[in-house]
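Keep the structure open while reading.

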Amino acid sequence: MLSAALPACVSEPPLKLSTHPWPGHGFLWLAQQQGVLAAGGVRLIELASASTSLHALSAGIVDAATLTLDEVLRARAGGIPLTIVLVLDSSAGADMLVARDKVADLSALAGKRIGFERSATGALMLSGVLKAAGLSAADVELVDVGINMQEAAWRAGKIDAAISYPPVATRLIKHGGHVLFDSRSLPDTIFDVVAVREEALLAKPAAVATLIDAHLKGVDKWRGSNAYQQHMLTRWLGLPPAKARRIFDGLKPCDTAENLRLLGGTSPLLAQVADTLVLKLAAENIDARANGPTPLIDATHFPEHAR
């Protein structure tokens, strides 16, 4: 028979997207739970932090990751060919410095131990904190603590303050911390995005469109005050049910219109923000200049209904 001569159908490997617990990543996690991503050729892989995702990208273990804009810039400078295809959210207070009661104000940070993840976002927040406090890095003790280890370090009394974000920051506040500084003082600086390796972007455009569509539909449902979403995201983030309606405090999920505003046109706004960030990071001795011809932004994978 003719059919006997045909090769067996081999399914294409999914696009592997790494992420970590953070409210702005939650709509993709929900889509994974509902089978939407798998049906569209996307596999979500949960890792401990953005730093872990960067290692996985560098090693070729994953094809894409949820990262901050500055992390993408640093990865590209390090030779990882990443392109941004989606903006998940912008920080408007969600990134913060949480301090113990004995640190009453920013000036009281002098001589204190500040825990932070040595990522570009951590460096940007630290720079903002020190500038607002009128201090230099030499005036404080910097402790390298990944976001997944901050709560343990806080409970053990190893740090006096931490540059953090929910859900970890929420738990630090519960353990007696208070907020002294947040990303509202750094407007248009911290964006969460999905960045895809160049080869995966070329090979799996339909999967990229699937994950974009999943996020955009999730934002639309959230704006309709979807109780199921709130309940599930609260559980994923390890927060008490009472926090369900405040999951996105300090965070602005980016819908279709905001994405097209940031990514569209011949001179995308996000590219302009990136140019400014490169200069800010250079001032902190962090190299974020592009290394290679891979474009920073590609807005062509948005589903037709979202254009």
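In strand S7, valine 143 is the bridge partner of glycine 115. The model is predicted: local features need pLDDT of at least 70, side-chain atom pairs count only at pLDDT 80 or more, and totals for chains, interfaces and linings use all residues. Residues are numbered from 1 along each chain as its sequence is written, and side-chain values use heavy atoms, with hydrogens and water left out.

**The sheet**

Helices (H or I, at least four residues) and strands (E, at least two) are DSSP runs, numbered from the N terminus. Two strands pair if DSSP finds at least two bridges between them.

Strand S6 (residues 113–116) runs parallel to strand S7 (residues 141–144), and four bridges join them. Isoleucine 114 stands opposite leucine 142 in S7. From S6 the chain passes through helix H5 (residues 120–133) to S7, a right-handed β-α-β crossover. Right-handed means that, with the strands pointing away from the viewer, the path from the first strand over the helix to the second runs clockwise.

S6 also pairs with S8, in the parallel sense, over two bridges. Here glycine 115 stands opposite alanine 162 in S8. Strand S5 (residues 96–99) pairs with S9 in the antiparallel sense over four bridges. Alanine 99 stands opposite histidine 178 in S9.

Together the strands form an open sheet of five, in the order S7-S6-S8-S5-S9, with mixed pairing. S7 and strand S9 (178–182) stand at the edges, each with a single partner strand, so one side of each has no neighbour in the sheet. On average, neighbouring strands are turned by 25° against each other, direction ignored. H5 packs on this sheet. H5 touches S5, S6, S7, strand S8 (161–164) and S9, and its direction makes about 100° with that of S9. Contact means heavy atoms within 4.5 Å.

**Helix pairs**

Two packed helices are described by the angle between their axes and the distance between the axes. Axes are lines fitted to C-alpha atoms, for helices over the stretch in contact, and angles run from 0 to 180 degrees between N-to-C directions.

| Helix pair | Axes come within | Crossing angle |
|---|---|---|
| H1 (residues 26–33) and H9 (residues 205–223) | 8 Å | roughly 105° |
| H4 (residues 69–77) and H5 | 8 Å | roughly 120° |

Angles under 35 degrees count as roughly parallel, over 145 as roughly antiparallel, 65 to 115 as roughly perpendicular and the rest as oblique. H1 and H9 are therefore roughly perpendicular. H1 brings Phe27, Leu28 and Ala31 to the contact, while H9 brings Leu211, Ala214, His215, Gly218, Val219 and Trp222. These residues divide into seven nonpolar, two polar and no charged. Ala, Val, Leu, Ile, Met, Phe, Trp, Tyr, Cys and Pro count as nonpolar, Asp, Glu, Lys and Arg as charged, and the others, Gly among them, as polar.

What is the crossing angle of H4 and H5? Their axes cross at roughly 120°. That makes H4 oblique to H5. Asp70, Glu71 and Arg74 in H4 meet Ala120, Thr121 and Leu124 in H5. This contact divides into two nonpolar, one polar and three charged residues.

**Burial of H4**

How many of the nine residues of H4 are buried? Eight are, and H4 is mostly covered. Buried means under 20% relative accessible area, exposed over 50%, partly exposed in between (1.4 Å probe, protein chains only). The buried residues are Leu69, Asp70, Glu71, Val72, Leu73, Ala75, Arg76 and Ala77. They pack against helix H3 (50–58), strand S3 (64–68), strand S4 (82–91), H5, S10 and helix H12 (269–283). Just after H4, glycine 79 takes a positive phi of about 100°.

**Loops and backbone details**

Serine 225 has a positive phi of about 55°, although it is not a glycine. Serine 225 lies in the loop between H9 and helix H10 (227–237). Its relative accessibility is 55%, so serine 225 counts as exposed.

Serine 185 sits in the loop between S9 and strand S10 (191–197). Serine 185 is partly exposed, with a relative accessible area of 49%. Its C-alpha atom is separated by 9.3 Å from that of valine 129, 56 residues apart along the chain.

A cis peptide bond joins proline 166 and proline 167, with omega about 5°. Proline 167 lies in the loop between S8 and helix H7 (168–174).
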